[in-house]
Amino acid sequence: MSISQEIPRPFAISVESRKIEGLMFKLDQVRFPNELEPVSWCYGPPLLEVKRIVEYWKNGYDWKEQERKINATLKQYTVDIPVDGFDKLNIHFVHGPSNVETAIPLLFIHGWPGSFLEVSKVLPLLTAPVSDGSPRFHVVALSLPGFGFSEGPKKKGFSIRQYAEVGHKLMQTLGYKEYGGDLGSLISRTMAQMYGPQYCKASHTNMCFGEAPKLFKNPILYFQHLLTPYTAFEKAGFSRVAWFRTQGSGYFYQHSTQPQTLGYGLTDSPVGLLAWIYEKLIKWSDNYPWTDDEILTWVSIYWFSREGPTSPLRMYYEIAQTDSWSPSNLKVSSSVLFGASLFPNELLLFPGTWLRTLANVVFIKEHDSGGHFAAHENPEEIVEDLREMFGRGGPAFQVVKESRAITPS
């Protein structure tokens with residue numbers, strides 16, 4: 001397995017004026033659908049809501065101002081990462097090293113419809129000096145291949161193991177021999193399978209996979225599960241999962257089967273892209289007060305991305321071909337420690353006994369509010385959970401022994 005020998009290069013987002021002008025032209029040409037009465041969210045984003053945001057996009061939103069804010073607050077770089085069986089990919093990432101050499105290396109992994117921007121609120125909290133002896137972290141947040149400002153694969157077959165390989169090789173390139181992972185549930189789990197426990201020592205996520213314990217596979221967990229009544233939080237979690245599977249997962253099957261078909265619409269229509277992502281931001285969060293600037297910046301990262309809005313959809317198709325979502329393929333060695341922060345409006349929400357059938361879950365914390373975008377909605381809670389899990393007295397204390405890094409110039 002070859003590791004990149006190249007030195008990361010500083011990067012700043014700078015979208016060309018002609019692309020912004022092209023976006024404005026598209027917005028001027030929009031044709032809106034009609035709508036049925038009474039208006040509600042049951043069919044998707046209401047027409048007046050989308051029209052209002054589009055009007056602000058045209059006459060109020062300032063991408064260049066958002067671009068300046070991102071560049072000023074997040075130190076970004078690119079580096080070429082070799083991928084076995086594929087060409088090198090130029091990967092965009094954020095690097096926020098702590099000024100404490102022994103800080104814990106943490107790889108922050110986003111998913112769809114997120115981006116590297118999701119690290120923005122937690123990064124300064126994770127790297128900031130603390131007076132109570134809590135651990136600090138060296139934070140790396142990549143744009144996944146084909147997302148944001150990372151180059152995407154050029155041929156079929158780039159699936160979950162390749163995404164995990166890129167994440168691992170990026171950490172190795174930066175000099176982090178040992179590390180932990182956060183978020184990006186399936187990718188971080190695959191990294192634990194492929195690179196734990198030698199390199200990937202622990203993983204923490206807010207969307208956790210699990211299955212009901214079985215008598216002959218998990219006898220102890222089975223009887224614990226059998227004898228312990230479900231809590232109110234766990235019952236609500238089952239209801240949330242049922243909602244997601246019956247009313248909220250249509251996007252998943254479209255992405256997993258015919259992503260190119262959907263891609264024509266999302267690549268050609270900024271309003272279509274807005275509606276597709278805006279629906280998830282609202283439905284998957286927990287009454288988070290999204291501002292129009294936040295919504296449009298999330299969407300703009302996809303519109304102005306290096307490969308366009310279609311590339312990220314193909315990840316679902318490639319993963320589906322490998323059956324990586326199956327519980328039989330989600331099991332991780334007990335030598336890698338797992339932590340779970342559970343938020344009531346997450347999409348997959350299972351009891352602790354279920355989570356422990358697939359991984360050595362040593363830390364679980366239930367929260368009163370929050371949804372799928374936990375690092376953005378509840379940054380303080382995520383950071384506190386990481387400090388508790390990895391701090392003195394926590395179940396993952398000193399699991400990472402070596403944290404020396406190469407700080408890009």
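Is aspartate 80 buried or exposed? In this predicted model, aspartate 80 counts as buried, because its relative accessibility is 19% and the cut-off for buried is under 20%. Here are some close-ups, starting with that residue.

**View 1. Aspartate 80 pairs up with arginine 9 in a salt bridge.** The closest N and O atoms of the two are 3.9 Å apart. Arginine 9 sits in strand 1 and aspartate 80 in strand 2, so this pair ties together parts that are 71 residues apart in sequence. Arginine 9 is partly exposed, at 33% relative accessibility.

**View 2. Glutamate 6 and lysine 88 make another salt bridge.** This time the closest N and O atoms are 3.6 Å apart. Glutamate 6 comes from the segment before strand 1, while lysine 88 belongs to the loop between strand 2 and strand 3, 82 residues apart. With a relative accessible area of 28%, glutamate 6 is partly exposed.

View 3. Glutamate 67 counts as buried at 5% relative accessibility, whereas lysine 64 counts as partly exposed at 25%.

**View 4. Phe116 belongs to the largest nonpolar core.** That core has 121 residues, and Phe116 is listed with Trp112, Leu142, Leu274 and Phe390 as having the most contacts inside it. Helix 11 gives the most to this core, with eight residues. Look around phenylalanine 116 and you'll find contacts including Ile13, Ile70, His92, Leu142 and Phe149. In soluble globular proteins, nonpolar side chains tend to be buried together.

**View 5. Lysine 280 is tucked away in helix 11.** Its relative accessible area is 1%, so lysine 280 is buried. Among the residues that lysine 280 touches are Trp112, Tyr251 and Phe373.

**View 6. Strand 7 is mostly covered.** Six of its six residues are buried. Strand 7 runs parallel to strand 8, and four bridges join the two. Histidine 204, for one, has glycine 339 in strand 8 as its bridge partner.

**View 7. Phenylalanine 216 is out on the surface.** You'll spot phenylalanine 216 in the loop between strand 7 and helix 7, exposed with a relative accessible area of 79%. Together with Leu215, Phe223, Leu226 and Leu227, Phe216 forms a nonpolar patch with about 600 Å² of accessible area.

Terms used:
Residues are numbered from 1 along each chain as its sequence is written. This is a predicted model: local features need pLDDT of at least 70, side-chain atom pairs count only at pLDDT 80 or more; totals for chains, interfaces and linings use all residues. Side-chain values use heavy atoms; hydrogens and water are left out. A nonpolar core is a set of buried Ala, Val, Leu, Ile, Met, Phe, Trp, Tyr and Cys residues joined through side-chain atoms within 4.5 Å. Buried means under 20% relative accessible area, exposed over 50%, partly exposed in between (1.4 Å probe, protein chains only). Contact means heavy atoms within 4.5 Å. Two strands pair if DSSP finds at least two bridges between them. Patches are made of residues with over 30% relative accessible area and no salt bridge: like charges are joined within 9 Å, nonpolar side chains (Val, Leu, Ile, Met, Phe, Trp, Tyr) within 5 Å. Accessible areas come from the Shrake-Rupley method with a 1.4 Å probe; for residues, only the protein chains shown count as cover. A salt bridge is a side-chain nitrogen of Lys or Arg within 4 Å of a carboxyl oxygen of Asp or Glu. Lists of a residue's contacts leave out its neighbours within four places in sequence.
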